[in-house]
Amino acid sequence: MAANISWRLLSLTSTLIILSGAWVADGFTIGSSKQQRRLLLRPSNIPIPHDDRKRRIPISRLHSTLTPETEAVTTSFNDDEDIEHDNGKDDGNKDTVNIVLTTGFESFNRDLYQKAGQLLPPQLSSRIHLQVFCDSDIRSSSSEFATAVQNADLFIGSLIFDYDDVMAVSELLPHVKGPRLLFECATELMAFNKVGSFNMEAKQDGSGSSSDGPPPAVKAILNKFSSGKEEDKINGYLKMLKVGPDLLKFIPGEKASDLRCWLEAYRYWNQGGLNNVKAMLQLVVQRYLTEQQQQHQQGGTVDEAKKKIELLESLTLPELEVTPDIGLLHPLLDGYASHPKSYMEWRLSPTAANQAKQQNFKLAPNNSPRIALLLYRKHVITNQRYIQDLIQYFESEGFIPVPVFINGVEAHTIVRDWLTSTHEIEGVSTGTIVRDSTYKSNEATCVD
């Protein structure tokens, strides 16, 4: 069984490389950050000179940008106003919130995130300065990224895994003045999460050494949302995030409120898309500005601060727009299929054939070979054009695609639980192959 699953996983991994825009890996090793793991991706159609392939900016050089001589000029969304920052000191305009959003290797969504900031309610968009970076900016010889983080009131980061990137960002995060929200990053960076009294710093155990991971109570909750297998715990964590904010509403106290804010922000971020990212930014900016005004109240400017707080609290947070964490799609399919079996029932049905005829869409014959495609959910949400083109190409070439999209951590569960083959079916019937107990026969389909 292991060999059979490994073969299918290899096939899906090869497909994923195709789906990601023909990206190829320069180097990839797995291990802790101390082993200097690397995931270096580049478009295969863009040659990179040998000397440039592993170029990194030394951490010491990034750190050197945090000297008193550092100076940067930035512009907010309010076009009538320029804001200067010198060595991270306040410039006198306390109403401007400097936000750094780092997308990691998700550079294809930079424009979308920038637009999300511009679409915030006017009361917020005119008071923020949002800078969006990706992993190549962290590695750049320019000091722009380091300067931006030094002057940041809010930091949001996602998908930062490269060893050198992790180490460089870790050096900079302590300089962020306010909340730090890190989603789906290396564990070294996740420890920098902080919203009010909530943080994910490693605690010291009785022996004096650090104890990594979530608190025991959180670990117990996570176990309720996973199969108990080590490789499924991250998937269980994502399930917990769906209901976590609702559960925390019933728990009193400031720390629960701060944790709920982090969970709600991540829930918007995880669902993705323009409107959800805009809502996430609104959530954290409203909260940050409200806290600032509450501090002004304590400082004596009660009436003015009270009016600003009332204005902020009058802004309604948009509803979450939900896309399934896992599903299947097709240009002719209305919505998403919940599992491969229901997808194939639709794909082989007269309904699909009639839809194809009406739209002049060429479908592969129903007895054609089937190819499982593994897609990145963020690409689906943001309507990356290559997905539709790739499905249409396989259909026109006589292959039936089975396109499954995932968050990014469930690849092993798709192969293990949702896909089978004639070889595996024969092996199970003869007793030479034993399927994993998590295999879902009522949802799985056979692929070639």
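Analyst: Quick ground rule before we start: two strands pair if DSSP finds at least two bridges between them. Strands (E, at least two residues) and helices (H or I, at least four) are DSSP runs, numbered from the N terminus. This is a predicted model, where local features need pLDDT of at least 70, side-chain atom pairs count only at pLDDT 80 or more, and totals for chains, interfaces and linings use all residues. Residues are numbered from 1 along each chain as its sequence is written, and side-chain values use heavy atoms, with hydrogens and water left out.

User: Fine. What makes strand 13 and strand 15 a pair?

Analyst: DSSP has to find at least two bridges, and strand 13 and strand 15 (residues 400–406) have two, in the antiparallel sense. One spot to look at is G327, which stands opposite F405 in strand 15.

User: Which sheet does that belong to, and in what order do the strands run?

Analyst: An open sheet of three strands, ordered 13-15-14, with mixed pairing.

User: Why are strand 13 and strand 14 called edge strands?

Analyst: Strand 13 (327–328) and strand 14 (370–376) each pair on one side only.

User: What lies across that sheet?

Analyst: Helix 14 (residues 340–347) lies across strands 13, 14 and 15, running at about 145° to strand 15. The angle is taken between N-to-C directions, from 0 to 180 degrees, using axes fitted to C-alpha atoms, for helices over the stretch in contact.

User: What makes one face of helix 14 the buried one?

Analyst: Buried means under 20% relative accessible area, exposed means over 50%, and partly exposed is in between (1.4 Å probe, protein chains only). In helix 14 the buried residues are P340, Y343, M344, W346 and R347. Seen down the helix axis they fall within an arc of 160°, so they line one face of helix 14. The arc is that of the directions from the helix axis to the C-beta atoms. As background, an α-helix has 3.6 residues a turn, so residues three or four places apart point the same way.

User: What do those buried residues of helix 14 pack against?

Analyst: Strands 13, 14 and 15, plus helix 15 (350–358), helix 17 (385–396) and strand 17 (445–446). A contact here is heavy atoms within 4.5 Å.

User: Which residues of helix 3 are buried, and how do you know that they line one face?

Analyst: In helix 3 (residues 110–118) they are L112, Y113, A116 and G117. Down the axis of helix 3 they fall within an arc of 140°, so one face it is.

User: Why is strand 6 called mostly covered?

Analyst: In strand 6 (residues 128–133), six of its six residues are buried. That takes in both faces: I128, L130 and V132 on one side, H129, Q131 and F133 on the other. Strand 6 also pairs with strand 5 (residues 97–102), in the parallel sense over six bridges, and L101 stands opposite V132.

User: How do you know that V415 is buried?

Analyst: V415, in helix 18 (residues 411–417), has a relative accessible area of 1%. The cut-off is under 20%, so V415 makes it. Its C-alpha atom is 9.4 Å from that of A372, 43 residues apart along the chain.

User: Why is L159 called buried but E184 partly exposed?

Analyst: L159 comes in at 7%, under the 20% cut-off, so it is buried. E184 has 24%, between 20% and 50%, so it is partly exposed.
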